[in-house]
Amino acid sequence: MQHSLRQNSSGIGSSLEQASNSGQQLEVTVAGDEGSARLDRVLAVRLAELSRSRLKALIQAGQVAVKSVPVRDPAYHVTPGDTITIDVPEAVAAEPRGEDIALDIIYEDDDIIVIDKPSGLVVHPAAGHETGTLVNALIAHCGASLSGIGGVKRPGIVHRLDKDTTGLMVVAKNDRAHQSLTAQFADHGRTGAMRRGYMAMVWGVPHRQRGSVDAPIDRHPHAREKMAVREGGRDAVTHWEIQESFQGRDGKAIAALLACQLETGRTHQIRVHLAHIGHPLMGDGVYGPHFKTKAGHLGPKSQAALAALDRQALHAYLLVLEHPQTGAIMKWIADLPDDLTRLRNSLQATQ
C-alpha cells in the first residue's frame, strides 16, 4: 500500500467539527463586504465544516438566531454587523447499531478512513441486509470520532462497491470531509485529482490494447435488479487497458486482465459496460451467465479457481483523492485479493 499526507500546522479537525459532535453554540458576525445576503449562503461560506443540508436543517429547526431572534427562513437576508448565533446540538446516535466486524484498515485520521473491502461485505443496511454491513462495522470502530454527518453519528458513505466486489473505499467521518469527498466523486477527476482504478478479469481478449466504452446506463427494462445499456439512460464512460492476456487448453485466447478507470459512477458500471462489448467479468452470474460454458476450455486448475471464486472477478485496486482538510493528494494501491490471485496464477500457468 502507498499513501502520502501533508498535515498543516493547525492539525486535522477543527472546533466546528467538535461542536457538531458534542453540542455547542457558534457565533458569526456578518462582515461589511458580505452586504445584504441570504442567511444560508453566509453561513455556508463562514462555516464550511457544516454541510449546506445541515445548515438548512438547523435554520428550519429554529437553531439559528439573528440578533438574538430565531430565524427559520434560509433565504432571510442579513446585513453587515448582524450577529448570528448557531446552536449545534449534539449528534444523535446512529440508527444502525455498531457491530464488532473485522476491517482491513489501510489509512485513518480524524477526517477519513480508507478500507480494503472484502468480498461478501454489504456496504449499507438495506432490506435483507439490516446487520453485518460495513456501516455497522464503522460505527463500532470509529465510535466517538464520528462527528455527526448531517447531525447523526454515522459514517459518510460517498461511494459504494457491490457486495462481492473487493477493494478500496474511503468513508467520511465528519460533515466537512463528507462535503469534500462528495464533490470529488461527483467530479470524477474531470477537474481534480480523484481517480478510481479497478482490475477486471474478463472472458475473451479485446482486439485493441486499450479503449473506452461510452454508453448510457439505466435499469433493465424487465429485470429490475439489473442495469443495462439503454438509450436515454444516464451518461456512463469506462476506460480500459489490457494488462495480461491468457490462453485456454487449446492455445486460443480465452481471458484477459483489464485495468479500468471510471469517468462516471453508475451502478454496476464496469460489469455492464464490459458485458456490452462482449467481455463480461469472469464469475459474473448476472451479466455473463451465457459464458459459463467457456470454463470448459480452461485448464483444470483454472476451472477449480474459477469455481472457488463464486463472484465477479472485480477489484478496486487504486484510489487517489485530495485530502478534505489538508488538500494533500493521497494515493492508495491494494493488491489483488487471494481468490483473484489464485485465478490469475492458474491462467498464467496455462500459457
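How many helices and strands does the secondary structure of the protein chain come to? The chain holds 8 helices and 20 strands, taken as DSSP runs numbered from the N terminus (helices H or I with at least four residues, strands E with at least two). The model is predicted, so local features are given only at pLDDT of at least 70 and side-chain atom pairs only at pLDDT 80 or more, whereas totals for chains, interfaces and linings use all residues. Residues are numbered from 1 along each chain as its sequence is written, and side-chain values rest on heavy atoms, with hydrogens and water left out.

Of the 351 residues in the protein chain, 50% count as buried (under 20% relative accessible area; exposed is over 50% and partly exposed in between, with a 1.4 Å probe and protein chains only). The chain exposes about 16500 Å², and carbon and sulfur atoms supply 46% of that area, as computed by the Shrake-Rupley method with a 1.4 Å probe. Among contacts (heavy atoms within 4.5 Å) between residues at least 6 apart in sequence, 69% join residues at least 24 apart.

One aromatic pair is present, as the structure holds 1 in total. The ring centres of Tyr107 and Trp332 lie 5.8 Å apart with the planes at 45°, so this pair is tilted (centres within 6.5 Å, using the six-membered ring of Trp; under 30 degrees is stacked, over 60 edge-to-face and the rest tilted). Tyr107 belongs to strand E8 (residues 105-108) and Trp332 to strand E20 (residues 329-333), so the pair ties together parts 225 residues apart in sequence. Both Tyr107 and Trp332 are buried.

Turning to His159, this residue sits in the loop between strand E11 (156-157) and strand E12 (166-172). Its relative accessibility is 7%, so His159 counts as buried. Leaving aside residues up to four places away in sequence, His159 touches Leu168, Met169, Val170, Phe185 and Arg196. A polar atom of the His159 side chain lies 3.0 Å from the backbone nitrogen of Val170. Phe185 is 26 residues from His159 in sequence, with a C-alpha to C-alpha distance of 7.6 Å.

Finally, the largest pocket has a volume of about 890 Å³. It is lined by 32 residues, with Arg160, Leu161, Asp162, Thr267 and His268 nearest its centre (on a 1 Å grid, a pocket is an open set of points where a 1.4 Å probe fits, with protein on both sides within 12 Å along at least five of seven lines; lining residues have an atom within 4 Å of a point). Helix H5 (175-187), strand E13 (195-203) and helix H6 (269-276) each give two or more residues to this lining.

Technical notes:
Polar contact = N/O pair within 3.5 Å; in protein donor to acceptor, adjacent residues only side chain to side chain. Points joined across faces, edges and corners; volume = space filled by probe spheres on them.
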